[in-house]
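Here's a quick tour of one chain, from its overall make-up down to a few side chains. Have a look at the fold before reading on.

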Amino acid sequence: MITHIQGKLIEKNPTDVVIECNGVGYFINISLTTFSQIPNQENIKLFTHLYVREDAQMLYGFVQKSERAVFRLLISVSGIGTSTARTMLSSLTAEQICEAIGSSDVATIQGVKGIGAKTAQRVIIELKDKVLKLYDLDEVSMSQNNTNKEETLSALEVLGYTRKQSERVLDKIIKEMPNGTVEEMIKMALKNL
């Protein structure tokens, strides 16, 4: 019903914003990813999703349409509500969630606070085909990327780096060179750690 809101940014918090549009202030729930992308300027535009329950009507806002699309996919899974989907999008970017789903990476999804093994598996089972089709990906490239990433992470852990620290650096490297070999990724990671 409400696809986007464009107006004056009145208030900005890590979990919500207030945007004034034609004299009406809209309270919009946001993820930390959206919070970090909202420009510090007066006029902004957020793509929205209106969630209606018996006892409440809530607006969720996103800087990018792709994040909104992933949010809508996540809330279509039984057991994933709007707050869990927002938590997932606060912990991981939309791209990271899609990569994890596409490559059946249960550990990444389970790494989000409040997501157990069964829920993570359900997300993958229910959304894998949709994600692969939506982003026109094939499973082979996803699994190859994931295997290289896991091998690189293991090597960095052996060298004494923490998994979380290594993963953050490695995600940036994979974006820069998605088809890099394990050796190339280790070398790049060591320069950045």
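This is a predicted model: local features need pLDDT of at least 70, side-chain atom pairs count only at pLDDT 80 or more; totals for chains, interfaces and linings use all residues.

Residues are numbered from 1 along each chain as its sequence is written, and side-chain values use heavy atoms, with hydrogens and water left out.

## The whole chain

The secondary structure comes to nine helices and five strands. Here helices (H or I, at least four residues) and strands (E, at least two) are DSSP runs, numbered from the N terminus. Read from the N terminus on, the order is β-β-β-α-β-β-α-α-α-α-α-α-α-α. The C-alpha trace spans about 55 × 35 × 30 Å along its principal axes.

Of the 193 residues in the chain, 39% are buried; buried means under 20% relative accessible area, exposed over 50%, and partly exposed in between (1.4 Å probe, protein chains only). Contact means heavy atoms within 4.5 Å. Among contacts with a separation of 6 or more, 49% come from residues 24 or more positions apart.

Two packed helices are described by the angle between their axes and the distance between the axes. Axes are lines fitted to C-alpha atoms, for helices over the stretch in contact, and angles run from 0 to 180 degrees between N-to-C directions.

Take α2 and α3 (residues 82–91): their axes are 9 Å apart and the helices pack at an angle of about 135°. That makes α2 oblique to α3, given that angles under 35 degrees count as roughly parallel, over 145 as roughly antiparallel, 65 to 115 as roughly perpendicular and the rest as oblique. The crossing of α2 and α3 is right-handed; a crossing is left-handed if the near helix is turned anticlockwise from the far one by less than a right angle, and right-handed if clockwise. Which residues make the contact? On the α2 side they are Glu67, Val70, Phe71, Leu74 and Ile75, and on the α3 side Thr82, Ala85, Arg86, Met88 and Leu89.

With α4, the axis of α2 comes within 9 Å and crosses at roughly 45°, so α2 and α4 are oblique to each other. This crossing is left-handed. Here α2 brings Ser66, Glu67, Val70 and Leu74, while α4 brings Ala94, Glu95, Ile97 and Cys98. Within α4, the buried residues are Ala94, Ile97, Cys98, Ala100, Ile101 and Gly102.

## Rings

How many aromatic pairs are there? The count comes to two, where rings of Phe, Tyr and Trp (its six-membered ring) pair if their centres lie within 6.5 Å; planes under 30 degrees apart count as stacked, over 60 as edge-to-face and the rest as tilted.

| Pair | Centre to centre | Angle between planes | Class |
|---|---|---|---|
| Tyr60 and Phe71 | 5.1 Å | 35° | tilted |
| Phe62 and Phe71 | 5.0 Å | 50° | tilted |

Tyr60 is buried at 4% relative accessibility, and Phe71 is buried at 1%. Phe62 is buried too. Taken together, ring pairs link Tyr60, Phe62 and Phe71 into a cluster.

Elsewhere, Lys12 lies over the face of Phe35, at 5.0 Å from the ring centre. The rule for that is NZ of Lys or CZ of Arg within 6 Å of the ring centre and within 35 degrees of the ring normal.

Thr48 lies in strand β4 (residues 43–52) and counts as buried at 0% relative accessibility. Leaving aside neighbours within four places in sequence, Thr48 is in contact with Ile2, Thr3, His4, Ile5, Leu59, Tyr60, Gly61, Arg68 and Arg72.

Most residues other than glycine have a negative phi. Asn22, though, has a positive phi near 55°. Asn22 is in the loop between β2 (16–21) and β3 (24–29) and is exposed, with a relative accessible area of 78%. Ser104 also has a positive phi, of about 55°. Ser104 sits in the loop between α4 (94–102) and α5 (106–110), and counts as partly exposed at 35% relative accessibility.
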